[in-house]
Amino acid sequence: MSRAHPALLRALPFAAFVALAASGCSKDEPNPNAAPVSSSLAPAQPKTEAGKPYAVEAQGAKVSFTMDAPIEKIFGEADGSASGELFVDPEDVTRSTGLLKIDLDKLVIYQQKRADEKAEFGERTKSDLQNEHARDWLGIGKDVAEAERQKRRSIEFKLSKIETAGPKSVAGLTGAERTMKLDVTGDLRLNERTVPKKAELEVTFVMEGDKVAALRVKSTKPVAVNLDEHDVRPRNALGVILQKTADELTTLGKKVSKDAMVSLDFQAKPK
């Protein structure tokens, strides 16, 4: 494939960029920035006898991300995609554990574009072709073998550490709804790559008498997920890396950010 002029590449819409990349397939070369391949994360286990199980509810769950760049903004929404299990110790929430899963099959991509950095962004639109390409990049395209798709279909986040500057006990707060700000650390697995990640959460304990009837969890600050670390790169429908264009398209950083800023909002109830 002939070398494309950088100015042309910057002007290409996202779908056209992927179409150009598709003409340059080559072997699956290692990504030096990617984390090692890892297996699915193990289910969470309670740390204490007081840890009570709560099931994450898909209904009403909202997971979204944004990727900002000078001439194109990408938006992703995966409503109803959350599942998992939390073990919450109401006597000391910092001793709680959990495994959250996000189903990427529910992901829908939107975009806003403009001609250059001085122009106004256009309306938010949805392209079926762009959504198809996004699944290819994630290794869950329609032509990927089902066993391989299932390895990459879910994003997983497993809690390993919880910190708070306020009371640790739910009983230390009052009211029918008791809110805590928590800093959580854990392992984030996407595209078979696992990296440590921190998140800032607001957790509201919905009370019925002295018992927790439900949890509402939402991020107070988007979590930056680096695509390089998770080896999310241009791929064709079979999941083959479109490596030949990677060096040519170094201007992609100006086109679309390499960090997806992820936000979440979900509820969990006692099992």
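Select strand E4 (residues 97–103) and strand E6 (residues 154–163): they run antiparallel and are joined by five bridges. Two strands count as paired here if DSSP finds at least two bridges between them. For a landmark on this pairing, click Leu 100, which stands opposite Phe 157 in E6.

Before moving on, a word on what you're looking at. This is a predicted model, where local features need pLDDT of at least 70 and side-chain atom pairs count only at pLDDT 80 or more, while totals for chains, interfaces and linings use all residues. Residues are numbered from 1 along each chain as its sequence is written, and side-chain values use heavy atoms, with hydrogens and water left out.

Next, the core. Select Leu 86, Val 184, Phe 205 and Leu 215: of the 46 residues in the largest nonpolar core, these touch the most other members. Such a core is a set of buried Ala, Val, Leu, Ile, Met, Phe, Trp, Tyr and Cys residues joined through side-chain atoms within 4.5 Å. Strand E1 (residues 52–68) supplies its largest share, six residues. "Buried" means under 20% relative accessible area, "exposed" over 50%, and "partly exposed" in between (1.4 Å probe, protein chains only).

Stay on Leu 215 and show what surrounds it. Beyond its neighbours within four places in sequence, its contacts (heavy atoms within 4.5 Å) include Tyr 54, Val 88, Val 203 and Phe 266.

Jump to helix H3 (residues 128–137). Which residues are buried there? Colour Gln 130, Asn 131, His 133, Ala 134, Asp 136 and Trp 137. At the start of H3, a side-chain oxygen of Ser 127 comes to within 3.3 Å of the backbone nitrogen of Leu 129. After H3 comes Gly 139, with a positive phi near 75 degrees.

Last stop: Glu 208, in strand E8 (residues 193–208). Is Glu 208 buried or exposed? Glu 208 is exposed, because its relative accessible area is 61%. Draw a distance to Glu 177, 31 residues away along the chain, and the C-alpha atoms come out 9.3 Å apart.

Methods
Helices (H or I, at least four residues) and strands (E, at least two) are DSSP runs, numbered from the N terminus. A polar contact is a pair of N or O atoms within 3.5 Å; within protein, one must be able to donate a hydrogen and the other to accept it, and residues adjacent in sequence count only if both atoms are side-chain atoms.
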